[in-house]
Amino acid sequence: MADGSAKKPSRIQLRNRKRIMEAALEVFSQHGYRGATLDQIAEAAGMSKPNLIYYFDGKEAIHVALLNALMEEWLAPLAEVSDDGEPLDEILTYIRRKMEMSRLFPRESRLFANEIIQGAPRMLPHLESDLKPLFDEKCALIQSWMAAGRLAPADPAQLILSIWAITQHYADFDTQVRVLVPDEAQGWAAANAHVEAMFRTLLTPGATKS
């Protein structure tokens, strides 16, 4: 009698799925969703197109799998902003994590940016069901800190959007950044220091802003 449980994928199947998603990430980040093809993904993965289709129904299925995994990674640092910590430390820690993600995962950031630029045709339900409630929750937390005088007053929603815009610039435009600041190690150190100082000045109660 069947127990009704789905058969777990083998190690080879898991390895091949990971291989396909890694190849697809490279292809999608270079060509966007519309420009990418299953043939390109299969070639990058070093397997035949029929073999690839055994694991995923098509290009959209691979793209959605990548975006879902990315959404979880992208939301984690924001979710960890806690009302138990010092407000400024919590915000600056979030900024540092976002900068580190931009340094380590530029392809993933470009994949997400391309989806948003196209109107989020595959991710809109996730933005509404996952991102929006978390965004509203953290805006309310930041507003409470500001109301208590623990952070300088600002618009919480615009603050978070500004953090995203600045930190993710280093991922989405990393080619331009590397041309303008060729010394990568020095460039990242300077970027981290500059971004942190900017938001520290903005959010420190009583800080001089000119």
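Trainee: Which residue's side chain meets that of Arg107 in a salt bridge?

Mentor: Start with the general idea. Side chains of opposite charge can pair when their charged atoms come close. A salt bridge here is a side-chain nitrogen of Lys or Arg within 4 Å of a carboxyl oxygen of Asp or Glu. Now the case. The side chain of Arg107 meets that of Glu22, at 2.8 Å from N to O. Arg107 sits in helix α6 (residues 106–117) and Glu22 in helix α1 (residues 11–35), so the pair ties together parts that are 85 residues apart in sequence.

Trainee: What kind of model is this, and how are residues numbered?

Mentor: This is a predicted model, with residues numbered from 1 along each chain as its sequence is written. Local features need pLDDT of at least 70 and side-chain atom pairs count only at pLDDT 80 or more, while totals for chains, interfaces and linings use all residues; side-chain values use heavy atoms, leaving out hydrogens and water.

Trainee: How many helices and how many strands does the chain have?

Mentor: Elements come from DSSP runs, numbered from the N terminus: helices are H or I, at least four residues, and strands are E, at least two. The chain has 10 helices and 0 strands. Its C-alpha trace spans about 65 × 50 × 30 Å along the principal axes.

Trainee: Which partner does Arg150 have?

Mentor: Arg150 forms a salt bridge with Glu86, and the closest N and O atoms are 3.9 Å apart. Arg150 lies in the loop between α7 (124–147) and α8 (156–172), and Glu86 in the loop between α4 (59–79) and α5 (87–104), so this pair ties together parts that are 64 residues apart in sequence.

Trainee: Where do Glu100 and Arg103 lie?

Mentor: Both lie in helix α5, 3 residues apart, about one turn of the helix.

Trainee: How do I read accessibility?

Mentor: Under 20% is buried, over 50% is exposed, and in between is partly exposed. Glu100 has 34%, so Glu100 is partly exposed. Arg103, at 36%, is partly exposed as well. Glu22 is also partly exposed, at 41%. Across the chain of 210 residues, buried residues make up 40%.

Trainee: Which residues touch the most other members of the largest nonpolar core?

Mentor: In soluble globular proteins, nonpolar side chains tend to be buried together. A nonpolar core is a set of buried Ala, Val, Leu, Ile, Met, Phe, Trp, Tyr and Cys residues joined through side-chain atoms within 4.5 Å. The largest core here has 58 residues, and Phe28 and Ile62 touch the most other members. Contact means heavy atoms within 4.5 Å. Not counting residues up to four places away in sequence, Ile62 touches Ile20, Ala24, Phe28, Leu38, Ile41, Leu52 and Phe56.

Trainee: Is Leu203 buried or exposed?

Mentor: Leu203 has 0% relative accessibility, so Leu203 counts as buried. Leu203 lies in helix α10 (residues 184–203). Leaving aside neighbours within four places in sequence, the contacts of Leu203 are Leu88, Ile91, Met146, Leu151, Ala152 and Leu159. The C-alpha atoms of Leu203 and Leu92 are separated by 9.8 Å, though these residues are 111 residues apart along the chain.

Trainee: And Asn16: buried or exposed?

Mentor: Asn16 is buried, at 9%. Asn16 lies in helix α1. Residues up to four places away in sequence aside, Asn16 touches Met47 and Tyr55.

Trainee: At what angle do α7 and α8 pack?

Mentor: Two packed helices are described by the angle between their axes and the distance between the axes. Axes are lines fitted to C-alpha atoms, for helices over the stretch in contact, and angles run from 0 to 180 degrees between N-to-C directions. For α7 and α8 the angle is about 115 degrees, and the axes are 8 Å apart. Residues making this contact include Leu131 and Phe135 of α7, and Leu159 and Trp164 of α8.

Terms used. Buried < 20%, exposed > 50% of the residue type's maximum accessible area, 1.4 Å probe, protein only.
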